[in-house]
Amino acid sequence: MAGRTVRVQGFPAELPPDRAADKLTIHFLRSRNGGGDIANVRVLPGSLPCALITFEAPEVAQRILQVKNHVLAIGKTQYPLEVTPHASELSPNEVLRG
């Protein structure tokens, strides 16, 4: 899955994981956001939740990473998202951050 998965942070921790997955899927499917077909969305809950989004094609993940300002709108609130490449293995620094 290397090259097809991005890590997303910045959505509200109080959002249930299944609802977060739905909202992120809708956002990252939209072509205006650089998105495309998604293979999998995995929400990792916690005080700083993150999601791993795997796209069907690596070029979609690359387009997503090139978009500078991803903003998730939930109701009237806007959440700026941090989108980074996902390494297939977490480094010890990443494991300790959350």
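Helix H1 buries Ala20, Ala21, Leu24, His27 and Phe28, where buried means under 20% relative accessible area, exposed over 50% and partly exposed in between, with a 1.4 Å probe and protein chains only. These residues cover an arc of only 130° around the axis, which puts them on the same side of H1; the arc is that of the directions from the helix axis to the C-beta atoms. An α-helix has 3.6 residues a turn, so residues three or four places apart point the same way. The face of H1 turned away from the buried side carries the exposed residues Asp18 and Asp22.

The model is predicted, so that local features need pLDDT of at least 70 and side-chain atom pairs count only at pLDDT 80 or more, while totals for chains, interfaces and linings use all residues. Residues are numbered from 1 along each chain as its sequence is written, and side-chain values use heavy atoms, with hydrogens and water left out.

Read along the sequence, the protein follows the pattern β-α-β-β-α-β-β-α, in which helices (H or I, at least four residues) and strands (E, at least two) are DSSP runs numbered from the N terminus.

What covers the buried residues of H1 includes strands E1 (5-9), E2 (38-44), E3 (50-55), E4 (70-74) and E5 (77-85), together with helix H2 (58-66). The largest nonpolar core has 22 residues, and those with the most contacts inside it are Leu24, Phe28 and Phe55; such a core is a set of buried Ala, Val, Leu, Ile, Met, Phe, Trp, Tyr and Cys residues joined through side-chain atoms within 4.5 Å. H1 gives the most to this core, with four residues.

Phe28 has a relative accessible area of 0%, and its contacts (heavy atoms within 4.5 Å) include Val8, Ile38, Ile53, Phe55, Ile64 and Leu81, not counting residues up to four places away in sequence. Phe55 is likewise buried, at 0% relative accessibility.

The count of aromatic pairs comes to one, for rings of Phe, Tyr and Trp (its six-membered ring) whose centres lie within 6.5 Å, with planes under 30 degrees apart counted as stacked, over 60 as edge-to-face and the rest as tilted. The rings of Phe28 and Phe55 have their centres 6.5 Å apart and their planes at 75°, so the pair is edge-to-face. This pair links distant parts of the chain, with Phe28 in H1 and Phe55 in E3, 27 residues apart.
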